[in-house]
Each structure stands twice: as C-alpha cells, then as structure tokens.
Amino acid sequence: MAFLEKQSPGRVLLDDTVALTALIEASQNLQSHTVSGVSLPLPPKKLLGNMDREFIAERQRGLQVYLDFITQHHILATCQLVKKFLDTNNYSANYTEIALQQVSMFFRSDPKWEVVEPLKDIGWRIRKKYFLIKNKEQPKERQVLSWVDLGPDKFLSDKDLQSTMKLLPSLTNPYIYPVTFANTSELSALVIRMFKEKGTLRDLICKVKPKEAFMRKYCSPKKIQGLELQQIRTYGRQILEVLRFLHDKGFPYGHLHASNIVIEDNTCKVLDIENSLLGLPSYYRPYITQFRKINTTESIDVYSFGHLLYEMTYGRPPDAVPVDQYPAVTYTSVVSVLQSILSTDACKTGMPTVAQLLQTPLFSDVLLFHSEKLQFKIPTKLRDALKTAKECMEKRLQEEQKTVGIFTPYSQFPEARKAGMGGWMDGCKKGTSD
C-alpha cells in the first residue's frame with residue numbers, strides 16, 4: 001500500500017546534522033539601531049557612545065561568538081529556528097502541516113486509525129513528526145505514529161526498503177521495542193508503535209514529562225539523576241545484546257542514544273531500528289565525523305554506547321568529546337569502559353567491539369532472564385541489499401570525515417555566556433525556542 005505521493009524529481013536529501021555557520025562581515029546604522037548582518041532586536045548595552053566605531057566592533061565580535069555558540073551546540077544547531085534563520089530556502093517548510101496531510105492520506109486508505117493529538121516537537125529531528133493515535137477497534141489503547149522524510153543515507157531501492165520495513169513487525173527480541181506497523185513510499189516513511197506513558201530513558205534521567213518538546217526537556221534540565229550501578233550493568237548488558245543481535249544479522253543501526261530507549265519492567269527496549277533503513281543521519285554524527293577510525297556502523301554503535309553509558313552514570317551527556325577526565329564516581333568499572341570508548345586514544349585508534357565490551361567485568365557476569373524467542377528472518381536477497389546499503393552509508397561518512405572541520409562542543413565557548421547565551425538557554429527552559 002503506497003500511501004504517500006511520489007518523490008519530486010531532483011529532490012535534494014539534506015543532512016540536517018551538518019552544522020550551518022554564520023559570519024558577520026559588516027555592520028550599518030539603520031533607523032538609529034546598529035544591525036550587524038542579522039535581524040535581531042538587540043537591546044542597547046551602552047547609554048552614551050553606543051554608536052562609537054570601537055563599541056560597534058566590540059558588539060559585532062560578541063555577536064559572532066554568540067552565533068558560533070549556537071551553530072556548534074549539539075542540540076541548538078539542529079533546531080529548525082536556527083536552520084531557518086541561516087538557510088531560509090531549505091528550512092521554511094511547515095513540516096507539521098506536511099506530516100498531517102500525509103498521515104491523513106494514510107488514514108483514508110486504512111480508516112481504522114484515528115489521531116488523538118499531535119505530539120509537538122518531542123523529537124530532535126526537524127523532518128520527523130509524532131502523533132498520538134488510536135485503533136478504533138481498541139479505543140482505549142494509545143499508540144504513537146511517527147512520520148519522517150527519507151534521509152541522505154537512503155541507499156536501499158524503494159522495493160527493498162518496502163520489503164525490509166514490512167519485516168519489522170515480525171521482529172522478536174526482548175530488548176527491542178516492537179513495531180505495530182511500518183510502511184514507506186519514495187518520499188517518506190510511517191511507523192506505528194505502542195505509546196509508552198513513562199517516556200524514554202532520557203526522560204527518566206532528566207525527570208521530565210515525555211510529551212514536552214525536546215528542547216524544553218533536554219536543553220537545560222533542572223533535575224538530573226544518574227542510575228544506580230546495578231541498573232547501569234543490567235541496562236548496559238541488555239543494550240549490548242541488542243547490538244550483537246543486529247550486527248549478527250547484518251542489520252545496520254547507528255541510532256543508539258538515551259531518547260531511543262524505553263524501560264519496561266526493568267528491561268531496556270531499543271527504539272527506531274528502522275532509522276538506518278530510511279537513510280536518517282545519526283544523532284551523534286557531528287561528533288563522529290571528527291574521528292576517522294569511527295567509520296563503520298558497528299563502531300558508531302559502540303561509540304554511541306559510550307555516550308549512553310556516560311549519561312546513565314552521570315545523568316548528563318559529556319561536556320566535550322574526547323573525554324580524558326571523569327567526575328568522581330565510585331563505579332571504577334564503569335570509568336574503565338568509558339575510557340575504552342570516549343578517551344582521546346580510543347577515538348584516534350578505534351572502538352572496542354561489542355564482544356569485547358561484553359567480556360569486561362562491568363557486564364560479563366550480568367544474568368539476563370528472558371523466555372522470548374529471538375526472531376528476525378531476513379531473506380538472502382535483502383541481506384545482500386542491506387550489506388550494500390551499509391557499505392554506501394560508511395563510504396559517505398568516510399568521505400565526509402576527510403573534509404569536515406573539527407566540531408567544537410558548546411562547552412568550549414565560555415565567551416558565549418558573556419554574549420547573552422543565557423537568555424537563549426532560559427528561552428529553552430520556558431519552551432519559547434521549540
């Protein structure tokens with residue numbers, strides 16, 4: 001069933017994780033206000049002499065720092081407001097409205113579904129929208145529908161993509177959150193899962209409500225709390241088992257992070273395993289492009305696991321990567337694993353394998369109890385197609401790694417705080433930048 005319109009010829013698939021930059025080249029006096037190449041209503045910082053050439057130059061430098069901070073902040077850089085400001089041509093579309101139109105078309109072809117409410121901006125992707133829905137035959141159950149544009153790493157043919165997506169509801173693994181329905185067209189994809197009222201692992205760590213907007217929840221959370229050691233060991237082992245399962249199947253993942261995990265009866269369940277099929281870039285791609293040794297989907301999974309392990313331990317992501325100094329913690333076995341993934345040496349020489357991580361003292365003696373049969377039968381032809389697509393994804397990454405500049409985490413821009421970044425962060429807390 002093809003529920004979406006055909007893709008327009010020559011359509012450009014943008015990688016929204018690629019940071020945009022802004023360079024202030026000049027300033028001018030306009031209607032008694034100083035404008036430095038941007039349309040921002042900046043309040044005066046000086047009552048007398050605020051039109052002096054030296055003061056204007058100083059404000060211009062401060063504004064440049066401000067812009068650099070925003071465009072190199074892991075979360076803010078992917079915000080549609082920022083993207084639209086810097087690249088109006090490519091980021092002015094109303095993606096929520098487009099998603100509603102496409103979802104309505106799907107509902108016309110399968111009328112048993114009904115939208116309960118849109119879940120506005122709960123994810124970080126600009127081109128991915130979520131809707132709380134229900135099946136009219138089971139009106140008390142709530143499910144979540146995600147709609148997303150195909151991304152720049154979509155290398156499967158339309159036929160192979162459709163066939164692989166239709167296999168997802170048959171996938172059985174105790175540590176993968178089940179898919180109710182999945183479908184694609186040449187343009188977009190639609191996936192339905194049961195809605196988890198308690199939200200994701202990151203919601204648990206940040207102590208926020210799942211339905212709130214991504215930036216409001218995670219840009220500057222007021223309360224964070226890392227997990228207990230036993231939780232870290234259990235969840236970590238479960239996640240590694242998922243990665244081993246997918247790697248053994250030749251199925252590329254590459255999208256592991258705390259917002260793609262839910263907890264159910266003390267069991268981690270991984271979300272969004274379809275992302276790689278749809279060509280969507282990784283959440284950590286701005287980091288990964290720095291390190292040429294992280295150049296396969298398997299090494300991306302391990303690197304992402306390091307970020308996740310850090311967040312589970314300390315309650316927040318690392319301020320900058322590589323990480324060679326760690327906050328005081330009694331879990332020395334955790335720190336040794338983090339060093340093997342996130343240290344300067346690890347990032348330069350390469351990631352450990354999932355098998356090696358499973359043999360570390362942190363995870364080797366963790367007992368897992370599940371009776372669910374592991375099942376994911378991929379026909380030989382599709383396995384070959386997945387292998388080819390995986391190689392194409394890795395080649396694109398490797399080519400980008402040869403040319404990309406060094407990504408500078410926002411923590412290395414202390415000047416930005418002096419330039420007024422606090423106001424933006426306050427806006428994030430209040431939800432004004434959603």
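1. Pro-322 sits in the loop between helices H10 and H11, where helices (H or I, at least four residues) and strands (E, at least two) are DSSP runs numbered from the N terminus. The peptide bond that joins Val-321 and Pro-322 is cis, with omega at about 5°. This is a predicted model, in which local features need pLDDT of at least 70 and side-chain atom pairs count only at pLDDT 80 or more, while totals for chains, interfaces and linings use all residues. Residues are numbered from 1 along each chain as its sequence is written, and side-chain values use heavy atoms, with hydrogens and water left out.

2. As for the chain in general, its secondary structure comes to 15 helices and 9 strands. Of the 434 residues in the protein chain, 53% are buried, a term that means under 20% relative accessible area, with exposed meaning over 50% and partly exposed in between (1.4 Å probe, protein chains only). When contacts (heavy atoms within 4.5 Å) between residues at least 6 apart in sequence are considered, 69% of them join residues at least 24 apart.

3. Helix H11 covers residues 332-342, and its buried residues are Val-334, Val-335, Val-337, Leu-338, Ile-341 and Leu-342. Seen down the axis of H11, these buried residues fall within an arc of 165°, so they line one face of the helix; the arc is that of the directions from the helix axis to the C-beta atoms. The partners against which the buried residues of H11 pack are helix H8 (229-248), H10, helix H12 (344-349) and helix H13 (354-358).

4. Helix H10 (residues 297-314) also packs with helix H14 (residues 380-403), at an angle of about 65° and with the axes 10 Å apart. H10 is therefore roughly perpendicular to H14, given that angles of 65 to 115 degrees count as roughly perpendicular, under 35 as roughly parallel, over 145 as roughly antiparallel and the rest as oblique. The axes are lines fitted to C-alpha atoms, for helices over the stretch in contact, and the angles run from 0 to 180 degrees between N-to-C directions. On the H10 side, Thr-297, Glu-298 and Ile-300 meet Lys-390, Glu-394 and Leu-397 of H14. The residues of this contact between H10 and H14 divide into 2 nonpolar, 1 polar and 3 charged.

5. Ser-276 belongs to the loop between strand S9 (268-270) and helix H9 (285-288), and it counts as buried because its relative accessibility is 3%. A polar atom of the Ser-276 side chain lies 2.4 Å from the backbone oxygen of Pro-252. Apart from neighbours within four places in sequence, Ser-276 is in contact with Asp-153, Phe-251, Pro-252, Tyr-253, His-255 and Met-393.

6. Asp-272 is likewise placed in the loop between S9 and H9, and its phi is near 60°, a positive value in a residue other than glycine. With a relative accessible area of 8%, Asp-272 is buried. Lys-207, which lies in the loop between helix H6 (201-206) and helix H7 (214-218), has a positive phi of about 55° although it is not a glycine. Lys-207 counts as partly exposed, because its relative accessibility is 48%.

7. Leu-63 is part of helix H1 (residues 53-71) and, at 6% relative accessibility, counts as buried.

Conventions
Polar contact = N/O pair within 3.5 Å; in protein donor to acceptor, adjacent residues only side chain to side chain. Nonpolar A, V, L, I, M, F, W, Y, C, P; charged D, E, K, R; others polar.
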